[in-house]
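Here are my notes for you to read with the model open beside them. Take the points one at a time and find each residue on screen as you go.

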Amino acid sequence: SHLLQLVDRRGQTLANFKDLMDMFREMESITAEIKEIEGQVQSEDYGKHLFGVEDLLQKHQLVEAHVKSLGQRVDRVRVKGNGFISSQHAESATIKKKLDDVNANYDRLETRSGVRRSKLEE
């Protein structure tokens, strides 16, 4: 009975570790996508004529949809990370730092996307 409890506890520990590693991988994936999209929202091309601007606005709408989708992933990672932190996981400090980085990167992307839209609409 005691041995079964130890095996069960070990299984729970491994499952917890897998969940943590999955979350870290998702954070890395989100960060990579943010960097990819940042190049698009930092473009200085605002079109030379009305048709060019309209085309860029349509493309920017797709970028904004991608940013919104990314925001949903950030929210899910935030919930999962905060769950680890509130349970006082041994890696809470690392989780908090990584969460803060992902949140800051996403917030910056959202701001830059909004700035680009404003400049395209001018």
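1. Let's start with a rule: a charge sits over a ring if NZ of Lys or CZ of Arg is within 6 Å of the ring centre and within 35 degrees of the ring normal. Keep in mind that this is a predicted model. Which residue lies over the face of Phe24? Lys98 does, at 5.0 Å from the ring centre. As for pairs of aromatic rings, the count comes to zero.

2. Now for the salt bridges, of which the count is 12. One of them links the side chains of Arg117 and Glu64, with 2.7 Å from N to O. Arg117 belongs to helix H3 (residues 92-121) and Glu64 to helix H2 (residues 50-86), so this pair ties together parts that are 53 residues apart in sequence. Glu64 is partly exposed, at 24% relative accessibility, while Arg117 is listed among the buried residues of H3.

3. Next, have a look inside H2. Arg78 and Asp75 form a salt bridge there, and their closest N and O atoms are 2.8 Å apart. These two are three residues apart in helix H2, which means about one helical turn separates them. Here's the background: an α-helix has 3.6 residues a turn, so residues three or four places apart point the same way.

4. The side chains of Lys96 and Asp100 meet at 2.9 Å, N to O. Being four residues apart in helix H3, Lys96 and Asp100 have about one helical turn between them. Lys96 counts as partly exposed at 43% relative accessibility, and Asp100 as partly exposed at 37%. Elsewhere, salt bridges with shared partners join Lys18, Asp22 and Arg25 into one network.

5. How about H3 as a whole? With 30 residues at 1.5 Å a residue, H3 should span 44 Å, and its end C-alpha atoms are 43 Å apart, so the two values agree. The buried residues in H3 include Ile95, Leu99, Val102, Tyr106, Leu109 and Leu120. What do the buried residues of H3 pack against? They pack against helix H1 (2-41) and H2.

6. Is His89 buried or exposed? At 19% relative accessibility, His89 counts as buried, because the cut-off for buried is under 20%. Leaving out residues up to four places away in sequence, His89 touches Asn16, Leu20, Phe84 and Ile95. With Asn16 there is also a polar contact of 3.5 Å between the side chains. Gln72, on the other hand, is 17 residues from His89 in sequence and 24 Å from His89 in space, C-alpha to C-alpha.

7. Last one: Ser92. You'll find Ser92 in helix H3, and Ser92 is buried, with a relative accessible area of 15%. Which residues is Ser92 in contact with, leaving aside neighbours within four places in sequence? The contacts are Phe84 and Ile85.

Methods. Residues are numbered from 1 along each chain as its sequence is written. This is a predicted model: local features need pLDDT of at least 70, side-chain atom pairs count only at pLDDT 80 or more; totals for chains, interfaces and linings use all residues. Side-chain values use heavy atoms; hydrogens and water are left out. A salt bridge is a side-chain nitrogen of Lys or Arg within 4 Å of a carboxyl oxygen of Asp or Glu. Buried means under 20% relative accessible area, exposed over 50%, partly exposed in between (1.4 Å probe, protein chains only). Rings of Phe, Tyr and Trp (its six-membered ring) pair if their centres lie within 6.5 Å; planes under 30 degrees apart count as stacked, over 60 as edge-to-face and the rest as tilted. The expected span of a helix is 1.5 Å times one less than its number of residues. Contact means heavy atoms within 4.5 Å. A polar contact is a pair of N or O atoms within 3.5 Å; within protein, one must be able to donate a hydrogen and the other to accept it, and residues adjacent in sequence count only if both atoms are side-chain atoms.
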